[in-house]
Amino acid sequence: MLNLKFRKLIGAVIWLASASSVLAETTVSMNMTIESGVGQSVGTLLISETPYGLLFTPNLHGLTAGAHGLHVHQNPSCEKNGMAAGGHFDPQNSGSHLGPYNDKGHFGDLPIVTVNADGTATTPVLAPRIRHITEINNLAIMIHNGGDTYSDVPNKLGGGGARMVCGVIQ
Ligand SMILES: [Cu+2]
Ligand SMILES: [Zn+2]
């Protein structure tokens with residue numbers, strides 16, 4: 001009887017410990033990219049750990065409607081029209097842009113963000129390969145002008161083109 005109570009207590013302690021440590025979140029300030037420094041604010045991107053991977057919840061405004069590529073880039077800077085952020089985060093040196101659902105490509109490949117007709121974006125997207133914010137801390141997160149084919153063909157890096165909006169994950 002005592003033993004059972006003790007096991008229940010241990011179970012509760014483990015559950016509390018895992019619940020508090022697993023579900024971290026952080027809010028990233030997002031700004032338009034400009035040639036020198038950082039451009040105007042367009043809102044935030046909330047990054048949350050979930051049992052299914054990282055969830056990215058935009059709270060953005062003032063953007064062009066439609067699909068936009070979203071990636072983690074390798075340097076913690078948004079300057080020089082976003083070019084200071086460097087390439088897609090690729091710790092395994094895959095050299096391949098394959099999107100968020102393929103283990104063989106860039107680890108920083110995320111799902112497309114959709115901007116509504118009124119220029120806002122609020123729909124969350126899930127990146128199942130990334131489990132913890134610590135895996136992408138101190139890197140840049142980038143929204144491109146165009147969409148993302150999750151492939152290097154017909155155009156490299158998903159074909160999203162110019163770097164439009166950027167933030168540093170801290
Ligand atoms: Cu990118
Ligand atoms: Zn990529």
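Predicted model: local features only at pLDDT ≥ 70, side-chain atom pairs only at ≥ 80, totals over all residues.
Figure 1. Read from the N terminus, the order of the elements is α-β-β-β-β-β-β-β-β-β. The chain has 170 residues, and 30% of them count as buried. Among the contacts in the chain with a separation of 6 or more, 58% are made by residues 24 or more positions apart.

Figure 2. Strands of a sheet pair through backbone hydrogen bonds, and the pairing may be parallel or antiparallel. In this model seven strands form an open sheet with antiparallel pairing, and their order across the sheet is β5-β8-β9-β1-β2-β3-β7. At the edges stand β5 (70-73) and β7 (125-127), and because each has a single partner strand, one side of each is left without a neighbour in the sheet. From one strand to the next, the twist averages 30°.

Figure 3. Four bridges join β5 to strand β8, which covers residues 140-144, and the two strands pair in the antiparallel sense. Within this pair, His 73 stands opposite Ala 140 of β8. In a regular strand the side chains alternate between the two faces of the sheet. In β5, Leu 70 and Val 72 point one way, while His 71 and His 73 point the other way, and all of these residues are buried.

**Figure 4. The hairpin of β1 and β2.** Strand β1 (residues 25-33) and strand β2 (residues 38-50) are paired in the antiparallel sense over eight bridges. One of the residues to look for is Asn 31, whose bridge partner in β2 is Ser 41. Four residues lie between the strands of this hairpin, where Gly 37 takes a positive phi near 85°.

Figure 5. Strand β9 (residues 163-168) runs antiparallel to β1, and two bridges join them. Across this pair, Met 32 stands opposite Val 165 of β9. Leaving aside residues up to four places away in sequence, Val 165 touches Met 30, Asn 31, Met 32, Thr 33, Val 42, Leu 63 and Ile 143. The largest nonpolar core has 31 residues, and the ones that touch the most other members are Ala 140 and Val 165. Two or more residues of this core come from each of β2, β3 (53-60), β5, β6, β8 and β9.

**Figure 6. Thr 114 and its surroundings.** Thr 114 lies in strand β6, which covers residues 113-115. A residue is partly exposed if its number of C-beta neighbours falls between the cut-offs of 12 or fewer for exposed and 20 or more for buried, and Thr 114, with 15 C-beta neighbours inside 10 Å, therefore counts as partly exposed. When residues up to four places away in sequence are not counted, Thr 114 touches Ala 67, Ala 121 and Thr 123. Thr 114 and Pro 58 are 56 residues apart along the chain, and their C-alpha atoms are separated by 9.5 Å.

**Figure 7. Backbone details in the loops.** Most residues other than glycine have a negative phi, and most peptide bonds are trans. The loop between β5 and β6 contains Lys 80, a residue other than glycine whose phi has a positive value near 55°. Lys 80 is partly exposed, because 14 other C-beta atoms lie within 10 Å. Asn 93 is also placed in the loop between β5 and β6, and Asn 93 has a positive phi of about 50° although it is not a glycine. With 7 C-beta neighbours inside 10 Å, Asn 93 counts as exposed. In the loop between β8 and β9 lies Pro 154, and the peptide bond that leads from Val 153 to Pro 154 is cis, with omega near 0°.

Definitions and conventions:
Residues numbered from 1 in each chain as written. Chains lettered and ligands numbered in written order. Pairing = 2+ DSSP bridges. Axes fitted to C-alpha atoms, helices over the stretch in contact; angles between N-to-C directions. Contact = placed C-beta atoms within 7 Å. Core = buried A, V, L, I, M, F, W, Y, C linked by C-beta atoms within 7 Å.
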